[in-house]
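Take a look at the structure below.

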Amino acid sequence: MPKNAHDNQNPGGLFPCLRLSLSRKHFSAFFPLLQSGCLVQCPKPLSVEAFLLSLPGFPGATILDGIQTVFLDGRPVDDIKAATLEPDCELALSAAMPGALGAVMRRGGYYAAMRGHITFQEQEHETIQGAFCVTVKLFNLLLSQVGPSLLEHGIVLGSEELAGLANSFESGISRLEWKGQDIAPGEFSSLLESLPNRVRAQLVFKV
Amino acid sequence: MDKILRINMGGKGGPQVTETPVGEYEGLGGRAMTSAVVLREVPADCHPLGADNKLVIAPGMLSGTLGAQTGRISVGCKSPLTGGIKEANSGGQAAQVLARLGYAAIILEGKPAGDSCYKVIINKDGVTVTEDITLAGLGNYAVVEKVKAEFGDKVATISIGPAGEMKLGAASVAFSDPEMRPTRHAGRGGVGAVMGSKGVKLIVLDDEGMSRRQAKDPEAFKDANKRFVAGLNSHPVTSQGLPLFGTNVLVNVVNEAGGFPTNNFKTGRFENASKISGETMAEQTTARGGVVTRGCHKGCVIRCSGDYIGPDGKWLTKQVEYETVWAHGANCGIDDLDIIAQLDRMDDDLGLDTIEMGNAIAVAMDAGVADFGDGPAALKLLEEVGKGTPLGRIIGSGAGTVGRVFSVENVPVVKNQALPAYDPRAVQGIGVTYATSPQGADHTAGYAVATNLMKVGGDVDPLKPEGNAELSRNLQIATASIDASGMCLFIAFAILDQPETFQALLDMINAFYGYSWTGDDWGAYGTAILKNEREFNTKAGFTKNDDRLPAFFKKMPLAPHNVTFQVTDEELDSVFDF
């Protein structure tokens, strides 16, 4: 039976879009969220590499090479071209890490055998139609290297979660769009009160 | 480094100082020196706290030179914690200063008749050993403050805290850092207890008037060092990840892998890991006005340490390291960085191994002495150690003792030394090293991830299932070599990925000593160290049955991957098929 977007609480593959332009100095306010995991919309089943390359403004091959430690559902991934995102999966991305552990966890690394029994193995997929959500976590150097692209792509937030974060960035809003309509930044607080349960927040950081 | 300083603390009429040529120990540094001396001079059946044991303090082969990363020092003895050979490694200033003073090792021998408290002063004019009862019972911070008042802040110190004086199994030896704080420790195996048993509280090293050690080929050494530094500065782990976030950068990654032992190794994920991660700590340090990047010794270019600023805005301790954050944090269910930092400060002051103490408290929590997650209770247990109460002495004797006293079944120790911060069920290859290292469970025993370059033990196919034993063996050999060089183990990443950086390291050794070593020679050097250590342990009564993980790792599946340790005893026994 085909798996579709409704299985993933993502009807039609879209949430109403809230787009915020923010001062770059407020970017670090999102570090805790990026570390613990953001719900992100994925348009269709994509490999980890294809997903990353699809992010707006993703810096490309240089950064891709720097993503040396990748987990899907907690399992270290060796081949990011083959590992495919599925509904509800958790993707975690890190730079190369120190320690024997860091070397062991590296994708395709020399010491991969030392964690062979937990290594991610690509399975046959059910047919999946439409968009779905995945959880993405960013660690260490990738917070600043991949974080801006991921946040511009948009993260799915509950309205209460967004309200909880608002204090840390509200003063840095330079532009606000709700469902494609410009709204005065000063109206953000009142907009928060009228938002539906879930929105796709696209966060664009300006220097 | 052409002489060895021997201080017989049990000499007639008081401590006797002798200096001998380095002799049969020529060319040995760091761990190679400590393990060779212990094997040849310490009776394997002696009591670790008795007169026959010796405490050997040795700078690395390249310490005291202009070489980068060469400030590591080794402390060796028969361990009161494991009963086997021990090498505990530390940063700090002492390696460089001791080497410039010309000593390849300090060896503390014998035992004073009473409970005396001695300090040793070593400078260009010689060595003095004097009784100083005013030091007795002081924490390491107070000891260093007294030294600063008397000698200024350019000297280096080696000291023990009250835990060492009480001769506890978790007692460490403290080394002062470039800011002259006692934050760097040879932590593992109770080496501080052996120093305490010798009655030595403090060693002050003053290299004023001494010059750097000179290479046999100074120009070639300088050139090799330049290439070596360039390699470190171009690698993302050593030039970005470690300086920006410190070793605690590992929390999120190990947690994600499901290998972050939580609540005394009950599960592999800690729900609040992101609250104690290196990323969070770095943000907090910056917000509180601290410095996130410092070296643990002069000449360090990686600079993986930094400040930990308390909630009051004052410096509390050094940037807390990954192993400590794990041991006092997730393993005790504690998610408050400020409490973890306080525990780190107390460990440093009392002179305790943070890994052993975190495990000991976690085992006590498992026994119901306190609740997992109860930070104030953890602080109180450490206070008990400092006071030397019966409960405190039990905790300070390590996780194995706590487990025996409180009848806890699942005690994470190998050779009675507590496991570090990677669950061996999730990362089985590291479990092999925990089980088989002559040092007891030790993450740094298999740290030098460059065996493919060194070709130690020949080429290995890492993808074959039985590769774990072979990989572990080669990692342990390579690590022993680096521990002997005086280099920081973190150079391993740059030399793993960049063959030219590994060649630069070899070129440094060759230029300094006039050798013509290849990677094979480097591997042979490490193999000889491990053979010495294995020989001592065999004489001390260790058998292959000591090269095992506790049984619960084979029986209790670890969430989230629900895996058990699956490496067979036969594979473990094959690790040291030299």
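**Where the chains meet**

About 3400 Å² of area is buried between chain B and chain A, and carbon and sulfur atoms give 69% of that area. The model is predicted. The contact draws 46 residues from chain B and 35 residues from chain A.

Polar contacts link 11 residue pairs between chain B and chain A, counting pairs with both residues at pLDDT 80 or more. Several elements of chain B give two or more residues to the side that touches chain A, among them helix H8 (250–256) and helix H18 (467–485). The largest share of that side, six residues, comes from H7(B).

**A covered strand in chain A**

Now turn to strand E3 (residues 38–42) of chain A. Four of the five residues in E3(A) are buried. E3(A) pairs with strand E8 (residues 132–138) of chain A in the antiparallel sense, over five bridges. Within E8(A), A:Thr135 stands opposite A:Leu39.

**Cysteines without partners**

How many disulfides does the structure hold over all chains? It holds zero. A disulfide is a covalent bond between the sulfur atoms of two cysteines. For A:Cys38, the closest cysteine sulfur is in A:Cys133, 12 Å away, which is too far for a bond. A:Cys38 is also buried, with a relative accessible area of 3%. A:Cys89 is in no disulfide either; the nearest cysteine sulfur, in A:Cys42, is 7.6 Å away. A:Cys89 is buried, with a relative accessible area of 5%.

Definitions and conventions:
Residues numbered from 1 in each chain as written. Chains lettered and ligands numbered in written order. Predicted model: local features only at pLDDT ≥ 70, side-chain atom pairs only at ≥ 80, totals over all residues. Heavy atoms only, no water. Buried < 20%, exposed > 50% of the residue type's maximum accessible area, 1.4 Å probe, protein only. Pairing = 2+ DSSP bridges. Disulfide = S-S within 2.5 Å. Contact = heavy atoms within 4.5 Å. Buried area = accessible area lost by both parts, 1.4 Å probe. Polar contact = N/O pair within 3.5 Å; in protein donor to acceptor, adjacent residues only side chain to side chain.
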